Amino acid sequence: MTDQKDLQETELEALFSAAADATPLPSSSLLARVTADAETEIAHVPVARPAPVTGIFERIVSLIGGWPTAAGLASATIAGIWIGYAVPETLDGLAGGTWLTGSELDMVGFTASFDSLLGEG
Amino acid sequence: MPFDALNEVSDEALLIAFGNGDRDAARALTLRLTPKVMGFSARMLGDVTEAEDVTQEAMLRLWRIAPKWRQGEAKVTTWLYRVVMNLCTDRLRRKRGVALDAIEEPVDETPGVEAKMTAAERVRALEDALQDLPERQRQAVILRHIEGISNPEIAAVMDISTEAVESLTARGKRALSTALAGRREELGFGDD
């Protein structure tokens with residue numbers, strides 16, 4: 001009967017410990033295969049693009065509502081400058097050649113006379 | 001980053017780094033996890049060549065899950081052990097059709113008292129006895145007593161309760177003790 005006695009807990013633990021120490025190690029060829037698979041899979045990973053560098057100019061543009069707004073603002077500015085410097089002939093035409101073509105303006109005619117204010121009464 | 005610096009990095013952080021295209025993380029994970037996977041699958045299957053195939057497949061699945069890994073949801077090793085367990089189960093089911101005689105090692109003649117086993121032979125005796133356990137008991141015993149994984153983590157791997165893990169390991173150990181009783185002399189335990 002004694003030779004059929006079950007193993008004790010400690011005896012079994014000794015066997016488990018020996019088995020843990022004898023863990024089969026992966027061969028170099030297996031490690032190479034695993035590494036090659038990782039390389040293949042990494043090639044499919046989408047490349048993360050670096051975040052765009054935002055300078056002060058980009059920040060200002062974003063503050064006013066982005067590039068569409070900036071483009072509209074630039075157009076309006078250029079139009080304003082052009083209107084300011086160019087000779088607006090059509091406006092001259094509308095004014096009947098009186099204001100903008102060099103004819104003298106009689107400012108006296110537009111100002112109130114002080115004479116009436118100076119008089120007693 | 002120097003490769004040694006990755007030794008302190010968690011499995012999960014490395015996996016996420018790999019998912020973002022970090023080759024050093026892949027190398028660190030390969031060296032860290034492949035031996036664990038290899039050891040578990042070799043003991044489950046009792047066949048090193050098949051264990052290597054399972055290991056490669058499990059690691060491939062790990063690489064593929066990396067970009068989709070959800071942080072904090074599961075431990076990487078728990079996920080990996082579960083994959084290995086399922087792959088081994090599939091292979092064992094396919095092997096069941098093969099006659100046992102075709103896959104068993106030749107049985108040694110009953111050795112005398114003086115014929116003590118070497119350390120490697122003792123391990124082999126344990127592994128033979130493990131192969132005779134029901135599959136779930138074998139999984140639980142290997143994970144708990146050889147891989148050294150905690151009962152709650154084994155429960156997560158096997159998708160059962162901690163109590164069920166304790167029950168499986170207890171029954172597995174009893175069966176192993178009985179199966180090896182007739183070889184206690186060879187194993188060097190005497191017959192006190």
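In this predicted model, helix 2 of chain B and helix 3 of chain B pack at an angle of about 135°, with their axes 8 Å apart. Axes are lines fitted to C-alpha atoms, for helices over the stretch in contact, and angles run from 0 to 180 degrees between N-to-C directions. Helices (H or I, at least four residues) are DSSP runs, numbered from the N terminus. The angle makes helix 2 of chain B oblique to helix 3 of chain B. Angles under 35 degrees count as roughly parallel, over 145 as roughly antiparallel, 65 to 115 as roughly perpendicular and the rest as oblique. The crossing is right-handed, meaning that the near helix is turned clockwise from the far one by less than a right angle.

Helix 2 of chain B contributes T34(B), V37(B), M38(B), S41(B), A42(B) and L45(B) to this contact. From helix 3 of chain B come V48(B), E50(B), A51(B), V54(B), T55(B), A58(B) and M59(B). Residues are in contact if their C-beta atoms, placed from the backbone, lie within 7 Å. The contact holds nine nonpolar, three polar and one charged residue. Ala, Val, Leu, Ile, Met, Phe, Trp, Tyr, Cys and Pro count as nonpolar, Asp, Glu, Lys and Arg as charged, and the others, Gly among them, as polar.

Helix 2 of chain B also packs on helix 4 (residues 76-95) of chain B; the axes come within 10 Å and cross at roughly 30°. The two helices are therefore roughly parallel to each other. Here too the crossing is right-handed. Among the residues that meet are F40(B) and M44(B) in helix 2 of chain B, and Y81(B) and R91(B) in helix 4 of chain B. By class, this contact divides into nine nonpolar, two polar and two charged residues.

The contact between the chains takes 41 residues from chain B and 31 residues from chain A. Helix 2 of chain B gives the most to the side of chain B that touches chain A, with nine residues. That side has 18 nonpolar, 13 polar and 10 charged residues.

The complex receives an ipTM of 0.81 and a pTM of 0.67 from the predictor. Over residues 105-114 of chain B the pLDDT is below 50. Beyond near neighbours in sequence, this stretch has two contacts in the model.

Residues are numbered from 1 along each chain as its sequence is written, and chains are lettered from A and ligands numbered from 1 in the order in which they are written. Local features need pLDDT of at least 70, side-chain atom pairs count only at pLDDT 80 or more, and totals for chains, interfaces and linings use all residues.

Key: pLDDT = per-residue confidence, 0-100.
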